[in-house]
Amino acid sequence: MLIKKTTANEITSSEITDHKVYVNRRQFLNSTAMGVTASLLPLSLSAADNTPKPTFLDLQKSTLSTDDKLTSYKDVTSYNNFYEFSTDKYAPALLASNFPDKSKPWRVTIEGECDKPGEYDYDDLIRPFTLEERIYRFRCVEGWSMVIPWVGFPLADLIKRAQPNSRAKFVEFTTLYDPEQMPGQSRKVLDWPYTEGLRIDEAMNPLTLLSVGLYGQELLGQNGAPIRLVVPWKYGFKSIKSIVKIRFVESMPNSAWMKAGPREYGFYSNVNPEVDHPRWSQGRERRIGEFLKRKTQMFNGYGEEVAHLYSAMDLTKHF
Ligand SMILES: Nc1nc2c(c(=O)[nH]1)N[C@H]1C(S)=C(S)[C@@H](COP(=O)(O)O)O[C@H]1N2
Ligand SMILES: [Mo]
């Protein structure tokens, strides 16, 4: 992460459409980064480098967006699950405000069953991709939900560049392990580092996003800076934050939550009002900012796009 002009808590909701922070940052990158880091770019060879670089002014609006009313920027950035910082939902906004340490490079390793593995600086990793704004519903397993204008690019675009081989049946993601920056990791709440996984066809689905921002701004620490997953038809915990590793594997990976509670958290974790969590109903949800609960929709309302992925499966068994 090269520069940061402002911090989240200085941004008021009336300023959320002001993209200056991003634009400055991208212009800076465009003018300086290419020459210096070109040799570190195993994925961004030739052709892609001649295409216009994404700027946050040029954000493409995605046709996959919902027109549900947005959750406020304040709620999206102050009510968070990020156990590496705290199990208290209001604490990550305070404890992660300077995360990640801007003086340290953020590297993402791509490895496993693929022809183009590599280790990338964050800026090099995202440069080849066109950033989109996508308004997605996001539902937590505990029955709250938000509607968030994410900024990101399809995970499929990155996967295609990595060229997975025929043994790549699943993708495993890993969060940074650094107890000095993430105080919650000094307590064994989960088996750190946090890991998650998707089946390769789920990972390739056009809805699956690698997010680097929201509300037109760079991601804040509490939302999983600098890069996190967003899988809108699955419960929130699948959307792993602060990713440092993406690994193609042959067999189904075990996630941090599956290890913590195999009866409560399955690999698929599709939003499903018919399959309750052992300790609570999944039939209704509270949209943050609303008073009355609403009925939860199958696949969080994205059935048309994803139901075919599970047509042959018993979803009470594969929860
Ligand atoms: N590394 C990591 N990723 C994580 C979590 C976490 O504790 N650690 N929490 C998950 C859960 S339970 C939810 S609901 C979402 C919350 O994302 P948000 O804070 O941006 O709303 O992040 C998910 N990703
Ligand atoms: Mo969650």
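A residue is near a molecule if one of its heavy atoms lies within 4 Å of it.

**Figure 1. The surroundings of ligand 1 in a predicted model.** In this predicted model, ligand 1 is surrounded by 17 residues. The closest of them are Asn-80, Tyr-83, Glu-84, Thr-175 and Lys-241. By class, the shell around ligand 1 consists of seven nonpolar, seven polar and three charged residues.

**Figure 2. Polar atoms beside the nitrogen atoms of ligand 1.** The side chain of Glu-84 places a polar atom 2.7 Å from a nitrogen atom of ligand 1. Ser-239 takes part through its backbone, where a polar atom is 2.9 Å from a nitrogen atom of the ligand.

**Figure 3. Lys-241 and the cover over ligand 1.** An N or O atom in the side chain of Lys-241 is 2.7 Å from an oxygen atom of ligand 1. On its own, ligand 1 has 530 Å² of accessible area, and the protein covers 99% of this area.

Key: Residues numbered from 1 in each chain as written. Chains lettered and ligands numbered in written order. Predicted model: local features only at pLDDT ≥ 70, side-chain atom pairs only at ≥ 80, totals over all residues. Heavy atoms only, no water. Polar contact = N/O pair within 3.5 Å; in protein donor to acceptor, adjacent residues only side chain to side chain. Areas by Shrake-Rupley, 256 points an atom, 1.4 Å probe, with all protein chains shown as cover. Nonpolar A, V, L, I, M, F, W, Y, C, P; charged D, E, K, R; others polar.
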